[in-house]
Amino acid sequence: MPSFAILAPTGCPLTSISGPMEMLALANTRAKALSPQGYEPLTVTLVAESGASIRCQGGLTLQGSTSLNLSDKYDCVIIGAIGPPSDVSLNFSQETLSWLKTQYQFGARLASVCTGAFLLAATGLLNGRQATTHWAMAAEFQNMYPEVMLDPAQMVTCESQLWCSGGASSYQDITLLLIRDYLGEQVAEQVAKLMLIDLDRESQLKYRYFIPSRQHTDAVIHQVQDRLDQDAIHTSVKQLADQVHLSERQFKRRFKQATGQSPLAYLQALRIEHAKRALSHTNRPVEQLAREVGYEDVRFFRKLFKRLVGVSPSEFREGSRF
């Protein structure tokens, strides 16, 4: 019988471990109903990173788990999320990393949920391989693990034994794929229908949005960002520099030092966010939207949009309607 372990990192969001566990339990029920004679149930074990209890995000504690044991062997290990990397220590325990690498050597499939990809990447197993994580954590992930081929647009990546999923609810997508592989397409479809899960979510693009960096202490640049929050469409870099009585060269250098982006890139990102919202909620032609967000050259707008978003404006509109 296929054996699953769900690894619960200390401080994990509860749904990243309880969600897959509930889906696998439902899959067992549906598989038994479909094939009562030849049914081989999945076994699911909750494994705590430290001790027999699990301290989850929000102060919740779970009991009834097993601890890490290098002699245990599983067919698949689902790695729960670690929560926002900025809120937790990323100095993962060597015991946890060794346990994951041992499971991999035994032949187990390792599947991370959301920011669980940080823990999986810390093993070194993802180096040179494709991966994904929550789109908002992509920059931090790439800084920490530059050797990993990160694609934050993907909802799920699968390369050999190493699987990763995107944002928090993507535990549904990756668990459905695992159910399909171990119990078949029919069981996966029934689980999806019973849980009201869409089977065609392949990209995080429609969920992603620009998050300006406001963690710096430069009051002048905060003033500029406040102005851009009000109107990024009818503003130029020169006007911004004039507003704070700096030369363009000084302003560009100071802005990038504070935010990590050039003022032009920042301005473009804000304008594209306006365009994305309009594409999602209106039927106005792309040519009209380009002008509305400050671009008379529609061809340039399309190229910029695709470079920043990963798809054309029309493709984004098609896939972004909720």
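Gln239 is partly exposed, with a relative accessible area of 37%. On this scale, buried means under 20% relative accessible area, exposed means over 50%, and partly exposed is in between, with a 1.4 Å probe and protein chains only. Gln239 is found in helix α8. Setting aside neighbours within four places in sequence, Gln239 is in contact with Arg227 and His234. Contact here means heavy atoms within 4.5 Å.

The model is predicted: local features need pLDDT of at least 70, side-chain atom pairs count only at pLDDT 80 or more, and totals for chains, interfaces and linings use all residues. Residues are numbered from 1 along each chain as its sequence is written, and side-chain values use heavy atoms, with hydrogens and water left out.

Now the whole protein. It contains 13 helices and 11 strands. These are DSSP runs numbered from the N terminus: helices are H or I with at least four residues, strands are E with at least two. The C-alpha atoms fill a box of roughly 75 × 40 × 35 Å along the principal axes. Of the 322 residues, 48% count as buried. Take the contacts between residues at least 6 apart in sequence: 64% of them join residues at least 24 apart.

The surface comes next. The accessible surface of the protein is about 15800 Å², and 49% of that belongs to carbon and sulfur atoms. The areas come from the Shrake-Rupley method with a 1.4 Å probe; for residues, only the protein chains shown count as cover. There are 32 positive and 31 negative side chains, and the centres of the two sets lie 6 Å apart. Lys and Arg count as positive, Asp and Glu as negative; His and the chain ends are not counted. Each charge is placed at NZ of Lys, CZ of Arg, CG of Asp or CD of Glu.

Look next at helix α9, residues 248-259. Its 12 residues reach 16 Å from first C-alpha to last, close to the 16 Å expected at 1.5 Å a residue. The expected span is 1.5 Å times one less than the number of residues. Which residues of α9 are buried? They are Phe251, Phe255, Ala258 and Thr259. Seen down the axis of α9, these buried residues fall within an arc of 75°, so they line one face of the helix. The arc is that of the directions from the helix axis to the C-beta atoms. The face turned away from the buried side carries the exposed residues Arg249 and Gln257. What covers the buried residues of α9 includes α7 (219-230), α8 (237-243) and α10 (263-281). Just after α9, Gly260 takes a positive phi of about 85°.

Positive phi also turns up in residues other than glycine. Ser160 has phi near 60°. Ser160 sits in the loop between β10 (156-159) and β11 (162-165). Is Ser160 buried or exposed? Ser160 is exposed, with a relative accessible area of 57%. Leu196 has phi near 55°. Leu196 lies in the loop between α6 (185-194) and α7. At 76% relative accessibility, Leu196 counts as exposed.

Finish with Asp173, in helix α5 (residues 171-183). Asp173 is buried, with a relative accessible area of 7%. Leaving aside neighbours within four places in sequence, what is Asp173 in contact with? Its contacts are Met155, Val156, Asp198 and Arg201.
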